[in-house]
Structure formats: C-alpha cells, structure tokens
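New notebook page, new structure. I'll jot down what I look up as I go.

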Amino acid sequence: AGTLQQVALSQWTLSTGTAGGGSESSAFASLAAGKKYSFTILIYGKTSTAVSSFRTYPELRVTDSSATLSYEFSYSFGPSADSTEEFNRVSFVIAGSISVTSASTFSVLIKDVRGTTTSNAVTFNGKAYIQEVGSIN
C-alpha cells in the first residue's frame, strides 16, 4: 500500500438563494492512474446561530469520469463554539473507496436543498485522508 495523503481543503463558502444550489470546493488529492484508494474526508462549516435547521448534502466528485467510486456520508448540524465566537456547526464525514483509470483529483459539492444560505452563508473547511490500497472487495 502507498503513503497516506493528508490534504487540507481550501476554505470555500456556500451562499445561494436557489433551492438545490451549491458550492464546490477546489480540487484536492492526487490520485494516480490505475490505482485504488480508500478515503475519509472531514468537512466542517460555520453558520449563524440564527439558523435553526439546514437541509444539505455533499456530492463527492472526481475528474476521472471512468472511475469506480463508492461512498457514504454522515451529517450533523448543531450549536458549537470556538475561543472567539458561538456558531452553528455543519459537519460531514465522507468515507469510501475509488478505483481510478486516469490521474485525477477530488472535489466536494455541498448542496443547499432549500436555497436558504443567501442571508446566512456557510463557510467550509476540511481535511482528507487518502490511502492507496492493493484491492477493493
């Protein structure tokens, strides 16, 4: 098996008034042609404490259209804080496997089901852990 890639995702913001609209992260990871990987991607966002609920989901994308991609995600939303402010935290854990045919990268598209982030944007950060594996069963 290959080296574990630990990749910080560049910060991005979701702000849309369109139901089903979304915002996509920058490309991340380095997936080599003909290789297989397992991965866990952690995404965490901040939004206003005024937001009482948020209908959302992530779409994991890969630049190799011939890749075999399988993943699931978990989602949480709730009150949180850090040393400087209180906020509502939006969190995803995306885990799965991929077999790529050509060199490629990932990105994550976060959807706003109801289009409510115009007035209360969500700022996302994340980290990906990607491990090359010998086989996927």
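This is a predicted model: local features need pLDDT of at least 70, side-chain atom pairs count only at pLDDT 80 or more; totals for chains, interfaces and linings use all residues.

Is Glu24 buried, partly exposed or exposed? Glu24 is partly exposed, as its relative accessible area is 36%.

Residues are numbered from 1 along each chain as its sequence is written, and side-chain values use heavy atoms, with hydrogens and water left out.

**Entry: salt bridges**

I looked for salt bridges (a side-chain nitrogen of Lys or Arg within 4 Å of a carboxyl oxygen of Asp or Glu). The count comes to five.

One of them joins Arg61 to Glu24, with the closest N and O atoms 3.3 Å apart. Arg61 sits in strand S5 (residues 56-62) and Glu24 in strand S2 (residues 21-24), so I am looking at distant parts of the chain, 37 residues apart. Strands here are DSSP runs (E, at least two residues), numbered from the N terminus. Arg61 is partly exposed too, at 35% relative accessibility. I also see that Glu24, Glu59 and Arg61 are linked in a network of salt bridges.

Next I checked Lys46. Lys46 pairs with Asp82, closest N and O atoms 2.8 Å apart. Asp82 is in the loop between strand S6 (68-81) and strand S7 (86-99) while Lys46 is in strand S4, so this bridge ties together parts 36 residues apart in sequence. Lys46 also forms a salt bridge with Glu85, at 3.0 Å between the closest N and O atoms. Glu85 lies in the loop between S6 and S7, so that pair connects parts 39 residues apart in sequence.

**Entry: Asp112**

Where is Asp112? I found Asp112 in strand S8 (residues 104-112). Asp112 is buried yet has no salt bridge; the nearest side chain of opposite charge is Arg114, 7.5 Å away. (Lys and Arg count as positive, Asp and Glu as negative; His and the chain ends are not counted.) What the side chain of Asp112 does reach is the backbone nitrogen of Thr116, at 2.9 Å; a polar contact is a pair of N or O atoms within 3.5 Å, one able to donate a hydrogen and the other to accept it, and residues adjacent in sequence count only if both atoms are side-chain atoms.

Note on methods. Helices (H or I, at least four residues) and strands (E, at least two) are DSSP runs, numbered from the N terminus. Buried means under 20% relative accessible area, exposed over 50%, partly exposed in between (1.4 Å probe, protein chains only).
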